Amino acid sequence: MTPSRIAFATILAKDLRAELRTLQSLPAMALFATTTFVIFRFGLDRTSLSGSLASGVLWATLLFAALLGVNRLFVSEREEGGFDAIRLAPIDRSALFAAKATALFVYLMVLELVVVPIFALFFLGSAAALLPLALVLLLANLGIAATGTLISSMAVHSRARDLLGPLVLLPLVVPLMIAATGASEPLLALGGPGYHRFGTWLAVLSLYDLIFLLVGYAVFDFLLED
Amino acid sequence: MEPGQATDEPALSLAGLRRDYGERTALDGIGFELARGETLLVLGPNGAGKTTLLRILATLLRPSGGEVRALGCSIPAETWKLRGRIGFLGHEPLLYRDLSGRENLRFHARLHGMRGADGEARIDELLAAVGMERRAEGRVAELSAGMRQRLAIARCVLHRPELLLLDEPDSNLDAAGRELARALIGPSEGRTRVIVSHDPERFEAEADQVLRLEAGGKGAFR
């Protein structure tokens with residue numbers, strides 16, 4: 001049996017290389033998020049946002065941008081026989097789950113490196129909140145990566161995959177979004193970052209991540225069975 | 001007895017194999033034994049279940065009923081013991097279009113535990129064997145169907161499998177390609193093969209047994 005870390009690194013490297021060559025996911029995600037911020041900027045007719053409104057705009061945009069990446073996560077495996085190749089190999093198939101979740105996590109980090117500064121430029125008076133916000137983004141990305149990978153792997157075999165993925169994923173990430181917006185709201189307050197219940201919300205995010213990483217690891221092997 | 005060491009047990013042993021797709025029966029009561037090193041040629045009309053049979057033997061599909069043993073392991077109970085010992089060549093080449101031929105082979109090699117200098121040497125050997133050494137750095141999407149088939153054959157034998165499952169192996173190959181393929185996937189001491197083909201004349205001389213599947217999934221030997 002090929003060690004899991006080698007299988008994980010091989011699949012992850014393949015995905016990142018393919019994305020760098022084709023740019024099928026990241027530009028679309030970044031363009032969607034930026035355009036959405038522009039729409040909010042002019043639709044709300046506000047030059048600054050704070051508190052719950054800023055938090056809501058940010059997380060709604062990031063979540064729907066993430067869906068674009070989730071929908072494309074297993075496309076190459078479905079269309080080019082990657083599922084068969086991986087099922088034929090002497091590897092722990094959970095390595096595929098780990099590699100895909102990590103790839104999605106990387107895409108989300110790159111996305112946020114680009115669009116969160118744009119969000120700050122459009123709506124925030126200062127960048128003071130960005131550093132503590134980065135921790136919230138990190139934990140939320142982990143949760144979206146775990147849940148998104150799980151749902152994407154189930155939806156990819158369905159004819160209605162583009163519809164099924166979001167339909168199943170969005171309710172599942174509601175707790176994640178509640179925690180992420182709860183943690184972000186005081187950070188984006190008008191007078192500067194606050195840390196009301198910050199630790200509590202980070203704990204909720206961490207618990208969500210742990211649960212879905214474990215669930216993904218436990219069931220993924222069965223999802224690949226035909 | 002460890003898998004791979006049971007030299008007396010047939011390479012393949014099937015009894016009453018059945019596979020259903022909903023209410024449609026693709027395979028019904030298929031049974032045969034194939035000794036190690038032998039070649040089985042599977043013939044039949046479109047929709048007779050040839051590809052389904054191959055995919056069950058490759059552990060990519062679960063049987064709906066019956067008993068299937070391959071290389072001393074029960075399918076599906078001991079499927080995990082078979083991974084890495086089977087070379088499967090299906091209708092799809094199992095190559096990523098946005099990677100080069102070499103990168104694809106390297107990907108498969110690493111998944112099968114072949115890395116470093118040994119892995120690269122094996123890839124070089126196979127690229128030369130299928131006549132693709134000069135086109136190995138180009139993206140698979142830019143290759144012709146015949147070139148992709150040559151790479152798929154290289155991928156299939158990359159890890160030196162004990163059991164080869166070949167679905168239309170000559171598909172899209174020109175005469176030179178067929179000769180190169182024969183050297184890699186032709187009869188070989190100790191290697192068991194199951195070949196699905198619509199060209200019986202091409203493979204009958206190599207076959208130790210011939211299984212003809214009929215519409216409805218039943219089979220007969222001749």
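Helices, of at least four residues, and strands, of at least two, are taken as DSSP runs numbered from the N terminus. In the predicted model, the elements of chain A run α-α-α-α-α-α-α-α-α-α from the N terminus on. Along the principal axes, the C-alpha trace of chain A spans about 55 × 35 × 30 Å. Of the 226 residues in chain A, 47% count as buried. Among the contacts in chain A between residues at least 6 apart in sequence, 84% join residues that are at least 24 apart.

The secondary structure of chain B comprises seven helices and 10 strands. For its 222 residues, a compact globule would have a radius of gyration near 17 Å, and the value for chain B, 17 Å, agrees with this. A box of roughly 45 × 40 × 35 Å, taken along the principal axes, is filled by the C-alpha atoms of chain B. Buried residues make up 49% of the 222 residues of chain B. Of the contacts in chain B with a separation of 6 or more, 71% are accounted for by residues 24 or more positions apart.

The domain assignment divides chain B into domain 1 (1-85 + 161-174 + 188-222) and domain 2 (96-160). The C-alpha centres of domain 1 of chain B and domain 2 of chain B are 25 Å apart. Eight residues from domain 1 of chain B and nine residues from domain 2 of chain B take part in the contact between them. On the side of domain 1 of chain B that touches domain 2 of chain B, four residues are nonpolar, three are polar and one is charged.

Strand pairing in chain B was examined for E1(B). Strand E1 (residues 12-21) of chain B pairs with strand E2 (residues 24-34) of chain B in the antiparallel sense, over eight bridges. In this pairing B:Tyr21 stands opposite B:Arg24 in E2(B). The hairpin of E1(B) and E2(B) has two residues between the strands, and B:Gly22 takes a positive phi near 65° there. E1(B) also runs antiparallel to strand E4 (residues 65-70) of chain B, to which five bridges join it. Here B:Leu14 stands opposite B:Val68 in E4(B).

The loop between E6 and H3 of chain B contains B:Glu92. With 15 other C-beta atoms within 10 Å, B:Glu92 is partly exposed, because this class lies between the limit of 12 or fewer for exposed residues and that of 20 or more for buried ones. The C-alpha atom of B:Glu92 is separated by 8.4 Å from that of B:Ala152, although the two residues are 60 residues apart along the chain.

Between the chains, 21 residues of chain B are in contact with 22 residues of chain A. Strand E6 (86-89) and helix H3 (101-111) of chain B each supply at least two residues of the side of chain B that touches chain A. The largest share of that side, four residues, comes from H3(B). By class, the residues of the side of chain B that touches chain A divide into 11 nonpolar, four polar and six charged.

Notes: Residues numbered from 1 in each chain as written. Chains lettered and ligands numbered in written order. Predicted model: local features only at pLDDT ≥ 70, side-chain atom pairs only at ≥ 80, totals over all residues. Contact = placed C-beta atoms within 7 Å. Nonpolar A, V, L, I, M, F, W, Y, C, P; charged D, E, K, R; others polar. Domains from an automatic or database assignment. Pairing = 2+ DSSP bridges. Rg over C-alpha atoms; globule rule 2.2 N^0.38 Å.
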